[in-house]
Every structure is written in C-alpha cells, then in structure tokens.
Amino acid sequence: MKRQIFAPEHDAFRATVRSFLAREVLPHYEQWERDGIVSRDAWRAAGKQGLLGFAVPEEYGGGGTPDFRYSAVLAEEFTRAGTPGLALGLHNDIIGPYLTGLATEEQKRRWLPGFCDGTLITAIAMTEPGAGSDLQGIRTHAEDRGDHWVLNGSKTFISNGILADLVIVVAKTTPEGGAHGLSLLVVERGMDGFERGRNLDKIGQKAQDTAELFFHDVRVPKENLLGELDGAFVHLMTNLAQERLSIAVSAIAAAEHLLEITTEYVKEREAFGRPLATKQHIRFEIAEMATECAVTRTFLDRCIADHDRRELDAVHASMAKWWATELQKRVADRCLQLHGGYGYMSEFPVARAFTDGRIQTIYGGTTEIMKEIIGRSLLS
C-alpha cells in the first residue's frame, strides 16, 4: 500500500540519510562491532549532515522543525541498513525533548549547540541493578548541599554510556517522596566521582556502547537541575510516548525489511530440485507475515501522523510499541527459520537482525508494562 504520510521533502531527506549511511557508517560498521563502540567522528559527521537536533530551534544550531516524520525516516533507514549502533534516535527522539522542553535558557545555550553538531553525545540513566520499570525502586540519591547536590548511586544498561558527555540522571532528591521524590540531574563528563564501568557484552547491537555508571560523591551544580525539583516522574511520563513510538517505528521497519530479504531468498533457494517459494507452506508463511506487516504499518503511520498533531496518547503509544516490537521478534524468528542453516550464520543479515532486535520488547518499557498501561486505561 502506498504510504500517505510523507511529503517530497521527506523523500529527499531519505535520500540524504541513505547517502550518509553509505559514506559514513557502512564502511566502518564491522569494525565498530568488533570494537564495541562507534567512532566519535561518525557523530560529528551526523551533526555536519544535519541529522542531529531536528526539533532544536535554529538559534541553538538545530533544524527548527518538530516534524517527527524526519525522525521516522532516520529510524527506518538505519534499521534497514542494520546499523543500530550509531544511536541517533536515542539522542534525537528520547533525550532531545528533555533538553528542548525542560532546560533553562542558560542550559540551552550551554548544551544544545554541541548536541546538534555531534560534539556532545548524550545518555539518560534510569535503570539500576535493582530497579528497571519501577521508578519507586530507584536508590541513586542526591543530597542538597546549598549551591550543589552530592550524587551517589549506580546505573546499568545505559546506552551511550561510554561515549556520553552529558548524562541525564534520575535521582531521588526527596527520600520520602517515592516516585514523586525524583529529579533529573545532568552529570557532565569530567565531574569528580563520575565513573564508567565496563562496556557491557550484549547478544546484539554490538557497536552500541552500553555501560554501567557509578556516582561517588559527585558534586552536581544546582544549575544542572533539569526541570522541576522532584518533577522527574511527570517529566518522564510526558516524554515516554515519543520514545515508545520511536522504538515501534524501527520495529515495523525491521519486520518489513526482514520480509523483503526473506522473500528474495526463498525465490532463489532450492530444496528437492525446486525453489522454496513453490512450497505451499512457504507461501503461507510469507502471506501471513506480509499481512501482519501491512496492518501494523497502517497503524504506525496513523500514530506518526497523530504524534505530529500532538494527539498521540500514552495508551496508543503503548499499543504501537507492544504490537510492533512483538511482531518484529516473531518475524525475525520465522525469517531465520526460512533461511535454514544460513539463517544461523552471523554474516547473514537475518541472523544479525534476530539478535539486534531482541532488545526491542524490553527497553523503553517491556511488553508486559505496555499491556498493563493499556489494561489500566480500559478497566480502571
């Protein structure tokens, strides 16, 4: 079905992203996977190409457009290329709204130009060894010392954790406040007591640095409080819809791409003297996946359009995230099966997509959390 949500300028941007990937990412990606981290040069190249800070006002070096369709194009093309390690979506779509929506004028002038030119790489630190989706379980805490906070605690599974120059840390500032006693503190590279642990060894997305972070009596200036004191819960909930939509967009793009390469494979691969595509079972498998992808794509494009109109709510974002990521997981498994033994070889795109995509149903809120949000909205 012909998609209806993009205009000619988005098609032109898609061509720009593909050119960037061919020039700046694909020639280096295998080395980045071996290294477990991408080059900072790639971030600067992305900034120079205008791929960072779409929604940041032009006065701070950004694109000056809140049009999420540019982010969708970027996510789709990076997914199709199999290059999740250069986490521009995390930077633009997840962390960007905190800086543009919550930062003071002084903070914007201090941080946003580097955010947009690729010299300042960002991360957000929520998850802890003993606290994932449950914000009330966060133990990282900050003590008010007058002109600064003293931050102590640890975080884990932090994407961009090694490269990050600026980390938005969720910390407890009012111990008795529970989830409503949390604040966002911005920790910058070089602050005394801020240490990075090991670059975690994951089953997929090998080029994307994911780390443990430790805070030992880190002096965080009062000027680095982002948003309202004890307002982190509301701030986090406000921005989660876009985060989950961004994940869903990459999920459906991954499922569609896997379907494309598998369709070509079964046309060429022979078994018992005939192409696999002549087997009824194979045709049924392809038909089922194609239909599921088409239906999901229609819903996702509607969500993108709604989000651009500021009409996407948390429930429908949760539906999109749950359904699209579970579809991605299911399609990856079925496509790998249809590739047979070759699907198990890491040099085949379907094998890499299988491991790279497995995290999609976990981060940004697990499938179970998505169902809980949807169920509460219907039954409370």
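## Overall dimensions

The protein chain has 380 residues and a radius of gyration of 21 Å, which agrees with the value near 21 Å for a compact globule of that length. The radius is taken over C-alpha atoms, and the globule rule is 2.2 Å times the number of residues to the power 0.38. Along the principal axes, the C-alpha atoms fill a box of roughly 80 × 50 × 40 Å.

This is a predicted model, in which local features need pLDDT of at least 70 and side-chain atom pairs count only at pLDDT 80 or more, while totals for chains, interfaces and linings use all residues. Residues are numbered from 1 along each chain as its sequence is written, and side-chain values use heavy atoms, with hydrogens and water left out.

## Fold, surface and charge

The protein chain contains 11 helices and 10 strands; these are DSSP runs numbered from the N terminus, with helices being H or I of at least four residues and strands E of at least two. Among contacts with a separation of 6 or more, 74% are between residues 24 or more positions apart, a contact being heavy atoms within 4.5 Å.

Of the 380 residues, 51% count as buried. Buried means under 20% relative accessible area, exposed over 50%, and partly exposed in between, with a 1.4 Å probe and protein chains only. The accessible surface comes to about 17,600 Å², and carbon and sulfur atoms hold 54% of this area. Accessible areas come from the Shrake-Rupley method with a 1.4 Å probe; for residues, only the protein chains shown count as cover.

There are 43 positive and 53 negative charges, with mean positions 4 Å apart. Lys and Arg count as positive and Asp and Glu as negative, while His and the chain ends are not counted. Each charge is placed at NZ of Lys, CZ of Arg, CG of Asp or CD of Glu.

Thr262 belongs to helix H7 (residues 232–268) and counts as buried at 0% relative accessibility. Its side chain reaches the backbone oxygen of Leu258 at 2.7 Å, a polar contact (a pair of N or O atoms within 3.5 Å; within protein, one must be able to donate a hydrogen and the other to accept it, and residues adjacent in sequence count only if both atoms are side-chain atoms). Leaving aside residues up to four places away in sequence, Thr262 touches Ile286, Cys335, Leu338 and His339.

Gln107 lies in helix H6 (residues 105–117) and is buried, with a relative accessible area of 1%. A polar atom of the Gln107 side chain lies 2.6 Å from the backbone oxygen of Glu223. Beyond four places in sequence, the residues that Gln107 touches include Asn224, Leu225 and Leu226.

## Thr173 and Asp230

Thr173 is in the loop between strand S4 (166–172) and strand S5 (182–188); with a relative accessible area of 13%, Thr173 is buried. Asp230 lies in the loop between strand S8 (225–226) and H7 and is partly exposed at 23%. The side chains of Thr173 and Asp230 are joined by a polar contact of 2.5 Å.

## Positive phi angles

Most residues other than glycine have a negative phi. Asp230 has a positive phi, near 65 degrees. Phe157, in strand S3 (residues 148–159), has a positive phi near 60 degrees and is exposed, with a relative accessible area of 57%.
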